[in-house]
Amino acid sequence: MEREATWEGGGSPFAIGVKPLGMWLFVVSDALTFSALLVTYTYCRLSNPDWPTPFHFSPSILFSTAMTFLLLSSSFTMALAVRAMKNGRRRQTVRMMAATIAMGLGFVALHLNEWFHLMRVGNITLTDNPWHQPLFGATFFGLTGLHMVHVCAGSIYLAIVAAGVARGKFGAEDVETSGLYWHFVDLVWMFIFPMVYLMSVAR
Amino acid sequence: MQPTVRQLASVWAALLGFTLVEVGLAYPHLSAALFLIVLLALSVGKSAMIIGFFMHLKFERRALSLALFPLLIVFILVLLALLPDAERLREMRF
Amino acid sequence: MENPTAAKVHAPPGGFLRRYVFSTDHKVIGIQYYLLALFSVFLGMTLSALMRYHLVYPGEKQHLFQLLWPNGAPDGIMTPELYLSLMTMHGTIMVFFVLTTAPQSGFGNYFLPLQIGAPDMAFPVLNMLSFWTTLLSFLVLCSAFFADGGAPLGGWTAYPPLSATGAIAGPGMGTGMDLWIISIALFCVASLMGAINFLTTVLEMRAKGMSLMRMPLTCWGWFVTAVISLFAFAVLLTAGILLLLDRLGGTSFFLPAGLVISDRVLDHSGGSPLLWQHLFWFFGHPEVYIAILPGMGLVSTVLSVFSRKPVFGYKAMAYAMVAIGLLGFLVWGHHMFISGMSPYSAIAFSVLTLAIGVPSAIKTFNWLGTIWGGQLRLTTAMLFALGFVSVFVSGGLTGLFLGQPALDLYFHDTYFVVGHFHMIMGVASIFGIFAATFYWFPKVTGRMMSEPLGKIHFYCTFLGAYAIFIPMHFAGIAGNPRRYADFTQFDFLKDLASVHKFITHAALFTAVIQLLFLWNLFWSWRRGAKARENPWNATTLEWALPSPPPAHNFGINPPLVKRGPYDYSLPQGGKDFLMQHEGEEE
């Protein structure tokens, strides 16, 4: 700790390792990617006043609320995994990460189910919908699709890290780094959920 | 320094609670602008909890937050300069 | 947390492939990037020479054109579509694979860890990955030449609606345009990986004593550029994904209702081409600074070394770079004054654009202050640095005209703009690359480049660059539009024919002169005079290592940094400088 106190270069100004710092920087960059997408969505919505608001409490909002709960809970178990690993409890870490992955995959399953429901029953596709407002489907599937890609990539990433932890290959810093990514994916959903779903509640 | 299990659990509960409030707010038929502002305010609050406790930024040095977020926030605000054009576009179209 | 600097010392790997091809050594990766940029710059320059030839001899049959592009030049005469596709590829190759690749990824990779006393970049494997992604992106881009219909016609800005509608918009707008977008998306990913690596390295890997305010200004340049890349490419990635969705998924993000293209009514509605312009230029303007900032840092160092004087106003220089980087994100609208954007935002963008003049002027005056009264040694590196300052000023001053909405209404899309951005973004950055090549060549290869050849190359290139681009401003003032394949049929441009002939001859001359540089580079690599450890008597840390540096840089004992980077013209006898790790703690 003394080295850090007299820091003048040659150490870490933030007192975190290179891996978490790299992940933080990625998160910041990816946050701007999603921000640009959300601004695009807002732009499309503002310039087209007849924007459809098709979501009803049941099933759409109920469904997406369940998805939100699932993602928030997966973030909670991930935080517990990071904590367990810091305290050197490998088995608990792997268990918690497995729970996180399971909930992430559950989220993807629910989401795909919802997509197919919208496409088949609601006739909402990427390019068209009953209201002839093609950008509704484009922004909806674009935003949620990019987010789903992040969840899928995250599940694979967490699986690799968990396997490494189980075999003793990865340490606390690796778990922490993967946790940062997972929480970020959760965080993005905290903006997509209200802006895409709740702002489109049928009135 | 790291968050305790108790802290993490209460953050989790608070996040679920905020979400329910958001869903509840969707039904009193607020005006779109007001609704959006309230929703975004709640979302920013939720993000702050996720970043602070789950990503344990609250337990890192202040320098890290200062290095990461001011620029990001400025650039997100700068992107909002697109929206006056969307307004103009709507006026020209309808 | 372990100390990151101590843990990562590695021996050189064995085997040719691991050592020179799939290497994780930042020095090898830096050279790989440099060679990629070198190949790209000659490819891009050849394309521009062909375009210039066609512009002044539009009716002359060339068997070569027919041979290279049987469809694009069926009877040996370039079609307008072929001209546009060459222009698109010239712009894209130059901006992305030369101006972004060489100064930042090439020199930055090689010298950033050396200058801050680090054993390698923070993430060596990520570093290797970002090079191979860049190379893949380059190959995808070049494959557009061979795609059905040829290379895209959209220019490096790829404005929709034509870029979003597919093959009906013209040859090359089908598969060629798809490949272009995929290439750019890959480049975004590669640049993000690079930016994360650079930032982490600067923040966490500096040797003891190397505080931020003791970093050489080159490191400041790379650092600020990495910050810009981190944000700018993130937005370009979004724009690229959306454009690809429009083309392959049939969405309408950038396509309004009622479009008629090639006599067909398109079934799209709701989108806006203006949205692309906003997203693209949010990246596009900072990109200009990605190209120029590393050069600014390098020029500061070179001017100081060869004037034997400290950089005038070190802190002001560092802060000016930060200010330029930040302001660069607030001015993108000046590319869109006549796009139909809200005129109120145009005023804001104009004021902010002119505000960039302030940090730019700080830099220019400090460069002049640095050489003022110094003992100038006019080596080739120094000449190119002085040339940089010169073209930076000439190119920057015309920016003041273009930053005014009222004047830009007239100048927009004329040769005035072409002259302006080639001066400030193209020639200035290239001069930075030349200066860096001559300055660091002894460190990289252990040999000196030929000074006489270098000087001939400099004077010819310097005069050539002015002879090409200054007349373009006059053509622009006369109303000559850009991106036209042929303007012999316009009466009001007839009188400019001789100007364009002059420009073309100057361009061909300058292009041929570059072979001299190529010869100098490869000849000196094999046969140049042996270089000492510190041939320029410079102060920064890379010169404390043997030339070329060993695979593990400083080994397990990184130097202890005791002073700032520019301690020249010291009064005591003997040496007039102290290196950063020499002497007493300051």
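**Figure 1. Where chain A meets chain C.** In this predicted model, the contact between the two chains draws 32 residues from chain A and 38 residues from chain C. On the chain A side, two helices, α2 (18–47) and α5 (134–166), supply at least two residues each. If you want to know which element gives the most to this side of chain A, look for α2(A), with 16 residues. Sorted by class, the side of chain A that touches chain C holds 17 nonpolar, 13 polar and 2 charged residues.

**Figure 2. Where chain B meets chain C.** Here 9 residues of chain B are in contact with 10 residues of chain C. Helices α3 (62–79) and α4 (83–93) of chain B each bring at least two residues to the side that touches chain C. The most comes from α4(B), which gives 4 residues. This side of chain B has 7 nonpolar and 2 charged residues, and no polar ones.

**Figure 3. Chain B on its own.** How many helices and strands does chain B have? The count is 4 helices and 0 strands, and along the sequence the pattern reads α-α-α-α. Is chain B compact or spread out? Its radius of gyration is 18 Å, well over the 12 Å that the globule rule gives for 94 residues, so chain B is more spread out than a compact globule. The C-alpha trace of chain B spans about 55 × 35 × 10 Å along its principal axes. Of its 94 residues, 28% count as buried.

**Figure 4. Chain C as a whole.** Chain C contains 17 helices and 2 strands. A compact globule of 586 residues would have a radius of gyration near 25 Å, and the 24 Å of chain C agrees with that. Along the principal axes, the C-alpha trace of chain C spans about 75 × 50 × 50 Å. Of the 586 residues in this chain, 57% count as buried. Take the contacts in chain C between residues at least 6 apart in sequence: 81% of them join residues at least 24 apart.

Figure 5. Chain C averages a pLDDT of 93, and 98% of its residues score at least 70. For the model, the scores are ipTM 0.95 and pTM 0.95.

Figure 6. You will find C:Gln104 in helix α5 (residues 80–115) of chain C.

**Figure 7. Two cis peptide bonds in chain C.** As a rule, most peptide bonds are trans. The bond from C:Pro160 to C:Pro161, however, is cis, with omega near 5 degrees. C:Pro161 sits in the loop between α6 (124–143) and α7 (175–204) of chain C. Another cis peptide bond joins C:Ser547 and C:Pro548, where omega is about -10 degrees. To find C:Pro548, go to the segment after α17 (497–527) of chain C.

Figure 8. Most residues other than glycine have a negative phi. A:Ala15 is not a glycine, yet its phi is positive, at about 55 degrees. This alanine lies in the loop between α1 (2–5) and α2 of chain A. With 14 C-beta neighbours inside 10 Å, A:Ala15 counts as partly exposed. In chain C, look at C:Arg483, whose phi is also positive, near 65 degrees. C:Arg483 is found in the loop between α16 (451–477) and α17 of chain C. C:Arg483 counts as partly exposed, because it has 14 C-beta neighbours inside 10 Å.

Conventions. Residues numbered from 1 in each chain as written. Chains lettered and ligands numbered in written order. Predicted model: local features only at pLDDT ≥ 70, side-chain atom pairs only at ≥ 80, totals over all residues. pLDDT = per-residue confidence, 0-100. Contact = placed C-beta atoms within 7 Å. Nonpolar A, V, L, I, M, F, W, Y, C, P; charged D, E, K, R; others polar. Rg over C-alpha atoms; globule rule 2.2 N^0.38 Å. Buried ≥ 20, exposed ≤ 12 C-beta atoms within 10 Å, placed from the backbone.
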